[in-house]
Amino acid sequence: MTPFLTLCFLAFAVLSSAQNRPKPPVSIILDTDIGPDYDDVGAMAVLHALADRGEARPLAVIASNKHDLVVPVIDVLNTYFGRPNLPTGVTEGPGVVDGAWQKWPEMLVATYPHKIRSSDDAPDAVATYRQLLAKQPNGSVTIVTVGFLTNMANLLDSKPDRFSKLGGKELVKQKVKELVSMAGSFPTGREFNVYKDSVASEKAFANWPTPVIFSGFEIGKEIKTGPRLVANPSLKSPVKDVFALCMPKAKQDHDGRMSWDQTAVLVAVRGVEPYYGLKRGRFLIRGGTNSWQDDPNGPHYYLTEKMPVPQVTEEIETLMMHQPGKK
């Protein structure tokens, strides 16, 4: 073999080895308002399923909703999926307090094991963030928000402390790779997660120092999950119980619940491709209503449909049916 062919062979071997090497799991923090809606339950199931497959490394599940049962529900799901010691936290100070009208949080905490009895017993969300981020390699953490932006705004405003000498914005810039948010409606609209704490939303998105990917209202609206989950006779899980309780209670949910939050977790872990395309620009908020400004150098991106909705739906619902300890 000539020296040139030898070099080509070696280069090909190195490239093939790199391509076949498993991707390292995504270090991820999930920030959720779990309670007003129940797609958050599906989002947590997706996260744990991807973690059991070696695709994600959950660092924490943190509450952006101050309702008493929010952190206990997080604890129920983390415990069920075999991660009872996963760090958590809850918004300290002013914030949204929202329960679920179907009373599914009450059902979960009455049925499944958990240690945390009230959200008041959880640590401050910002302290949890700062402690975790300070320990991570630079540029390694993905944060995914599927609720209010209160914790993100508070984190940016946070001061140096015993965990890090950096202020909040500098700490985020150093440690966070990207922020993925189920927020907004594109190109314009008024979406729940944004307007419930519009002041925090505006502050967080205007000042966030890393790229932000938005999964808008219009993306999850078309993805309806739950029927296969509920119809599976061999599955016994808190995720199934929630969907079985809630789907019959609203006419619009009879063929499945719209799945906004699951899309954000899916993209945060697996990436945008092959599921979606991206539009780049700037996300603007005024009084809780968002608009969009195209900008080839903008820091923000929103998802556009690419993979057929039935295919995305099947993939998400399969992950939602995941049982603990299985790949």
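Me: Helices (H or I, at least four residues) and strands (E, at least two) are DSSP runs, numbered from the N terminus. With that settled, where is K103 found?

Reply: In this predicted model, K103 sits in the loop between α3 (70-80) and α4 (104-111).

Me: What makes K103 count as partly exposed?

Reply: Its relative accessibility is 48%. Buried means under 20% and exposed means over 50%. The value for K103 falls in between, so this residue counts as partly exposed.

Me: What is the phi of K103?

Reply: Phi is near 65°, which is a positive value in a residue other than glycine.

Me: Let's turn to the aromatic rings. Why is the pair of Y38 and F243 called edge-to-face?

Reply: A pair of aromatic rings is described by the distance of the centres and the angle of the planes. For Y38 and F243 the centres are 4.9 Å apart, and the limit for a pair is 6.5 Å. Their planes stand at 80°, while anything over 60 degrees counts as edge-to-face, so that is the name this pair gets.

Me: How do you know that the pair links distant parts of the chain?

Reply: Y38 is in the loop between β1 and α2 (39-52), F243 is in helix α12 (residues 238-246), and the two are 205 residues apart. Both are buried.

Me: Why is the pair of F186 and F283 called tilted?

Reply: Here the centres are 5.6 Å apart and the planes are at 50°. Stacked needs under 30 degrees and edge-to-face over 60.

Me: How do you know that the peptide bond from F186 to P187 is cis?

Reply: Omega is near 5° for that bond. P187 is in the loop between β4 (176-182) and α8 (192-195). The bond from E273 to P274 is cis too, with omega near 5°.

Me: How many bridges join strand β1 to strand β3?

Reply: There are five between β1 (residues 26-32) and β3 (residues 141-145). At least two are needed, so these strands count as paired. They run parallel, and I28 stands opposite T142 in β3.

Me: How are helices α5 and α6 packed?

Reply: Two packed helices are described by the angle between their axes and the distance between the axes. For α5 (residues 125-135) and α6 (residues 150-157) the angle is about 60° and the axes are 9 Å apart. Among the residues making the contact are Y129 and L133 of α5 and M152 and L155 of α6.

Me: What is the make-up of that contact by class?

Reply: It has six nonpolar, two polar and one charged residues. R130 of α5 takes part, and Arg counts as charged.

Notes
Residues numbered from 1 in each chain as written. Predicted model: local features only at pLDDT ≥ 70, side-chain atom pairs only at ≥ 80, totals over all residues. Heavy atoms only, no water. Axes fitted to C-alpha atoms, helices over the stretch in contact; angles between N-to-C directions. Contact = heavy atoms within 4.5 Å. Buried < 20%, exposed > 50% of the residue type's maximum accessible area, 1.4 Å probe, protein only. Phe/Tyr/Trp six-rings, centres within 6.5 Å; stacked < 30°, edge-to-face > 60°.
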